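Biologist: I'd like to learn how to read aromatic contacts and helix faces in a model. Could you take me through them?

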Amino acid sequence: MTKNVLFYARHSAGYHDHACLETQLYYGHRFIKENGWTFVKSYADEDIGEVVFMAQPGVRKLFAHIEREKVDIVLCDTLDRLCSRFDIASRLLSELARKGIELWVADPGERITARNLSDYYMSDRSNMFVPGGRTAEVPDDLREEKHFAPLPFGYRYSGACNADGQRIFGFKVVDPVAADVIRRIFGMYAEGTAPTKIAALLNVEGVAGPRGSIWRDAAIRGNRALGTGILNNPAYIGACKQGGDDDYHYVSALRIVSDELWDRVKDRQDAAAERAAGLAGRRKQQS
């Protein structure tokens, strides 16, 4: 029977490349696939220090997930991406073991136990905890140059090769995990759920928002006239603009939301606008 895996990542302090977290996920997903396990969800934190380790939002959400669902394994890329202190790692390992959950690292690809935990901190492996000592190589298909514009939630940059086989960066692809969140948002709104309730539900479930932030109703509702907000971004039906061109071009590979679901959302927005206009008119008459 397959094992359910939660993945935890932590952004390296001072590591400016956006691909840091993406790189950890890349190797984590690969390790999960190699072992025939099931990826359930990932949680992440900024590297803000060990004193408040258990108070970090990603760690809190991970343990909240463990309390409400069956989890077999907590996986991180390397042990230093979990924490850099033996006492904290030991306490965390004991807490997971008490719940019947295994702790694994994708590199070097082994289960962490009380027997080998000290090896990571007391032997030469401790060199991996020095700054830059265990910075993983960024895979080509995750590399992102600093001058690239931030992509809408739901997409990430992916490398591609030209006719000469040279790696070119800047191509965007759909992020399947974020795309599922987007389709869920569209579906809930089309069924009548308000953006405030959608945002609250996603936050309770620990679903990371754009740039890893918490969800706010404004990020979902946006401004229809300006094309802002999740519900108004034509990119989700594959609409793209080329530089210097005001016309949309449709790229099926970048579509996340179907035309039918997009139209249902637009219909509900129209109905909401009509109700708001009618209410404003009645208030004006009464004043």
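This is a predicted model: local features need pLDDT of at least 70, side-chain atom pairs count only at pLDDT 80 or more; totals for chains, interfaces and linings use all residues.

**Rings and a helix face**

Modeller: Gladly! Y155, F186, Y236 and W262 form one aromatic cluster. Residues are numbered from 1 along each chain as its sequence is written, and side-chain values use heavy atoms, leaving out hydrogens and water.

Biologist: How is an aromatic pair described, and how many aromatic pairs are there by this rule?

Modeller: A pair of aromatic rings is described by the distance of the centres and the angle of the planes. Rings of Phe, Tyr and Trp (its six-membered ring) pair if their centres lie within 6.5 Å; planes under 30 degrees apart count as stacked, over 60 as edge-to-face and the rest as tilted. By this rule there are 8 aromatic pairs. One of them is Y155 with Y236, stacked at 6.1 Å centre to centre with 10° between the planes. Y155 belongs to strand 6 (residues 155–161) and Y236 to the loop between helix 7 (217–221) and strand 8 (237–241), so the pair ties together parts 81 residues apart in sequence. Helices (H or I, at least four residues) and strands (E, at least two) are DSSP runs, numbered from the N terminus.

Biologist: What about F186 and W262?

Modeller: They are stacked as well, 5.9 Å centre to centre and 25° between the planes. F186 sits in helix 5 (residues 176–190) and W262 in helix 8 (residues 259–286), so this pair ties together parts 76 residues apart in sequence.

Biologist: Are F186 and W262 buried or exposed?

Modeller: Buried means under 20% relative accessible area, exposed over 50%, partly exposed in between (1.4 Å probe, protein chains only). F186 has 0% relative accessibility and counts as buried; W262 is buried too, at 13%.

Biologist: Which residues of helix 6 are buried?

Modeller: An α-helix has 3.6 residues a turn, so residues three or four places apart point the same way. In helix 6 (residues 195–204), the buried ones are P195, I198, A199 and L202. They cover an arc of only 95° around the axis (taken from the directions from the helix axis to the C-beta atoms), which puts them on the same side of helix 6. The face turned away from the buried side of helix 6 carries the exposed residues K197 and V204.
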